[in-house]
Structure formats: structure tokens, C-alpha cells
Amino acid sequence: MSLMRNSLVASGAIFACRLTGMAREIVYTSLFGATGALDAFYTAFRIPNLLRDLFAEGALSQSYTSVASKTREAQGEAAAWELTNKVATQLSSLMIAIVTLGILFAGPVMEALYSGDHSLTEQLFATDLSRIMWPFIGFASLSALIMGALNMVGVFGLPMLASAAFNVTSILLGLLIGYFIDPSFGPKALYGFACGVTIGGMAQIAVQLPKLSKTGFRWKPNFQWDDPRVRKIWGLMLPSVLASGVTQFTIFINTGFALDLQKGSVTALTTAFRLWQLPVGLFGVATGMVVGDGRKEVAVHIAKGLRLVAFFAVPAFLILSILGTEFVSAVYQWGRFNQEAVRYTGEVLGAYSLGLLGYAGTKVVQPVFLALEKRWVPLIAAAVALAISIGLNYCFVYILHKNAAWLALTTSVVTTFNFLFYFFYLRRQLGGVDGRTLLSGLVKIMAAGILLGAVCWAGKAWFLQGFLNWTFPARVLGISLVCGCAGIVYLAAAFLLKTPELEAVRAKFLKR
């Protein structure tokens, strides 16, 4: 399959997951607002969700698929499924231990995070929520392994939709159990949504099992772990975790600092990050997955992948940075999520948007970098990135006394550094990254982007005045008109400039 076709297929599945994930956040914020209670929920979910992000972003499934595919080619399908059983048995044992430790030590962890001017009630509430949600990581990890197994046999769409099953299940069961606990949806109703998270993790597995069964796989516990292939999977996984997890670790660090800011800061960071991830999920992750396919002329594919990312990420960056508050209002301004929360979250989203290009670019170069099996180089990048994150956050919060938007700015700095590190390292290793191909497309994309940005500024200044006081239909119509006009101008400029990516998309649809 071609780069463009794979990107479009992957983007469709990821888009569904991002939309249902956004729906989940809308339910949370509209019912509970930007409050200390919702901050506690997000904080309690942060550690298991951090581990989920590391696995779901490909660390486990990519490492497994790489080794299992080679085993299948060399020794046959039976050997590949035997390896799968060994990894599944070992992973299940590991997850039981991790979940048990997480539940046991949830109290001390939350005590450390809530070490500032917080009441014991807040700390205990967060601890209870954390203990309910810890099993989620076990289910999510097994789901990632199943995803890898299905990818090995050429099934890609369904595994990508597993996260959508999690989102839908956690919403519906959260509402049902939360209403049963507290019909007015006070803070205690969050216990219901915590239960929904854990059951949603089970749903991720349930939607994939029938397809896995049809492939011929049968679950048979296998404790023979002294297998070099199993060790190789874990060996490949560690650098992948370091490479893909810098942003997730930064978000976790931000949470600790945000708890010492005004109430609702953790919620603002979380909801803004959800909007920020929507374009990243569409184009950064999808392109990164298909570029790292081991084909020849890797440098050319990196250049094309970065151009493809830039074609979509540049307008997304400009729209979110200029119209961030308006987007937050159109999506989240419901129920108890008031105008003050919208403005605060809009500031955070604007700061996040500065790192969108770097994060999306990382999704292109990271899989290629990992394919070179430079296992310990990511440790250097991760160590430097986390040092930058902690240093900047400490300076912004405790010395300069800034708000959560500056924590988001730290994330943007770290993601940009992460991309530049991998890009220039790969450029050196490959003897170049086809700069002529890359620059010829980027110049045209940036020129079209300038026109898009001008339309967004004009729309914000002349058309969207008093936007937060508009009704919901008016807000949706208004933001749609401005973004639609900006998009038309961008595409027209890309057409006149003969941008290769636009031509490729047009040719693809005409072919269909």
C-alpha cells in the first residue's frame, strides 16, 4: 500500500478514536467543570494513563510485531503464536504485579502529589479514584499486545478502533454508575466514571478478541520465558518507551506542578491537550506508522513523510494558536464549564499549539530511528528533555508564579527539542534526509499557511467579537465559517503553488 493510502486509512481510524475521546472529555467537563474534584480525577488517572500512552503509542505492539513477524516468516505461524503465548503470559504476570503495587502505593503517591495546600479529603478522594482505575493499565497493555498480533497478520483498522470502544464504554457506564451514586452528579459521581474507565479497558480487549480468534490464535499459558526472542521484544521496547514517552512524561510532570496552581489547572491542561492531539492523531501518528516500514530509500520517505505532516500540521498549528479560545468555547463550553474556564483553557491550548509541529514531526522520524536499533540513544534525549521540563516548570511556577499555560509552553519546548534531536541524529546517520525534496514542499506549505493565518486573524478580529456569549449553534456556525474560509484560502494557495501533497490527495480521490 502507498504512503498516502496507508496514511488516510490510519487517519480515519485514529480520527474516530480522537473524536470519541473528545466526547469523553466533554462529558467530564460539562458535568463537573474546571474544579478541584475533576482535577483529582485526572490526577488519579494520570499514572495508569501514562503507561497506557506509552504502550498505545506503539512501544509494546511495535516491538512485538517486529520480532513476531520475523518469527512467522522464518519458522511459520505456529512458532509465532507460541511466541505470542509466552509474551502474553509474561505480560499478564507483570501487569498483575504492577496493578497490585499501584493499588497498594496509591496513597503515598497521591500524598506526594498533594503535598501543597490541599486538604486530607482531596488527597483521600484522589487516592480512592486512583485505586479504582489502576486495573485499567493491565487491560490496556493486553489490548496493545493483541493489536500487535493482529498487525502481524495484516489487520490494522480494528485494532486502531479499540480506543474508541474504550471511550464509548467509559462514557456510557460512567454516566450510568455515576447517576446511581449521585443523580445530581456531584464530586462523588466521579467514582462511577472511574469504574467506567476500568471497564472500558476491558472493552478494548473484547472488541479485538473475535478477530484474533479467527486468525488461528489460541490462548495457552506458557511460562517458558527463557527465550531470546522474548528478551529481544523487551529490549526493543525500552528505547521505544523512552523515544515515544517524552511528551507523556512531561504531561505527568506538569500535573504535579499544576496541583500547586489555581483549581482547575489540571483540567485545563488535560482538556487543551485533547484538542491539541486531534490533528496530531490524524496526521502525525498515522504518517509515522507508515513511514517506518523498512523500505529502501528511507531518507526520501522521511522527507515525504515530514512534508505530508506539515501540509496538515501547519494549518492546524495556526488555527489552534489564533483561535484557541474560540475552539475551546465551541467544544467545551457546556454545563459547568464556564467562560472563565474557557479562557484559561484557551491560553493553555495556545501554548500547546507551539509544539504541534515538533510533536507531529517526531511521529515521522521516531519509528525510522527505532528501526536502526540505536537502543540507548533515546535515553540521552529523554534525560535532557525531562531535565528541561522540570527546570522550566519549577522556574515558571515557583519563581515567576505563572499559570498553567506556561506548563503547556514547557511541553512545546520539550516536544520541539525531541524532534530536532531525532531529526539531526537521523540526518547524520543516513548521510542526509533529502533536503531538496523536503524544502521544496515546506516553502510552498508555509506560504499557503501565511494566507490561512491572515484569514484567521481577520475572522477573530472582525467577525468573532463576543464569541463566548454566543449560543452554541452560533458558536459552531461562526467557528466553522472562519475555519472554512481559511481552509479554502489555504487549499487554493496550495493548488496555485502546485504543492505536491495536495496533488497526491487529489489524485488519490480521482483514482477512486
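How many of the 9 residues of helix α16 are buried? In this predicted model, helix α16, formed by residues 324-332, is mostly covered, with 7 of its 9 residues buried. Those buried positions are Gly 324, Glu 326, Val 328, Ser 329, Ala 330, Val 331 and Tyr 332.

The chain contains 23 helices and 0 strands. Of its 512 residues, 56% are buried.

The surroundings of α16 begin with helix α15. The two helices pack at an angle of about 80°, and their axes are 4 Å apart. At that angle α15 is roughly perpendicular to α16, because angles of 65 to 115 degrees count as such. On the α15 side the contact is made by Ile 319, Leu 320, Ser 321 and Ile 322, and on the α16 side by Gly 324, Glu 326 and Phe 327. Sorted by class, this contact of α15 with α16 comprises 4 nonpolar, 2 polar and 1 charged residues. Gly 324 and Glu 326, both named in this contact, also belong to the buried set of α16.

Helix α15 (residues 298-322) also packs against helix α17 (residues 339-353), where the axes come within 8 Å and cross at roughly 150°. This angle makes α15 roughly antiparallel to α17, since the category begins over 145 degrees. The crossing of α15 with α17 is left-handed. Here Phe 317, Leu 320 and Ser 321 of α15 meet Leu 349, Gly 350 and Ser 353 of α17. The class count for the contact of α15 with α17 is 3 nonpolar, 3 polar and no charged residues.

Apart from neighbours within four places in sequence, Cys 456 is in contact with Ile 319, Ile 322, Leu 323, Val 482 and Ala 486.

Helix α4 (residues 77-104) and helix α7 (residues 135-152) have axes that come within 9 Å and cross at roughly 165°. The two helices are therefore roughly antiparallel to each other, and their crossing is right-handed. From α4, the contact involves Ala 80, Trp 81, Val 87, Ala 88, Leu 91, Ser 92, Met 95 and Val 99; from α7, it involves Pro 135, Ile 137, Gly 138, Ser 141, Leu 142, Leu 145, Ala 149 and Met 152. The residues of this contact divide into 13 nonpolar, 3 polar and no charged.

Two individual residues show further links across the sequence. Ser 130 is located in helix α6, residues 120-133, and is buried, with a relative accessible area of 2%. Beyond its neighbours within four places in sequence, Ser 130 is in contact with Ala 44, Ala 106 and Met 110. Ile 14 belongs to helix α1, residues 3-32, and is likewise buried, its relative accessible area being 9%. Ile 14 and Leu 278 are 264 residues apart in sequence, while their C-alpha atoms are 8.9 Å apart in space.

The buried residues of α19 are Val 377, Pro 378, Ala 381, Ala 382, Ala 385, Ser 389, Asn 393, Phe 396 and Val 397. In an α-helix there are 3.6 residues a turn, so residues three or four places apart point the same way. Just after α19, His 401 adopts a positive phi of about 55°.

Methods
Residues numbered from 1 in each chain as written. Predicted model: local features only at pLDDT ≥ 70, side-chain atom pairs only at ≥ 80, totals over all residues. Heavy atoms only, no water. Axes fitted to C-alpha atoms, helices over the stretch in contact; angles between N-to-C directions. Parallel < 35°, antiparallel > 145°, perpendicular 65-115°, else oblique. Left-handed = near helix turned anticlockwise from the far one by under 90°. Contact = heavy atoms within 4.5 Å. Nonpolar A, V, L, I, M, F, W, Y, C, P; charged D, E, K, R; others polar. Buried < 20%, exposed > 50% of the residue type's maximum accessible area, 1.4 Å probe, protein only.
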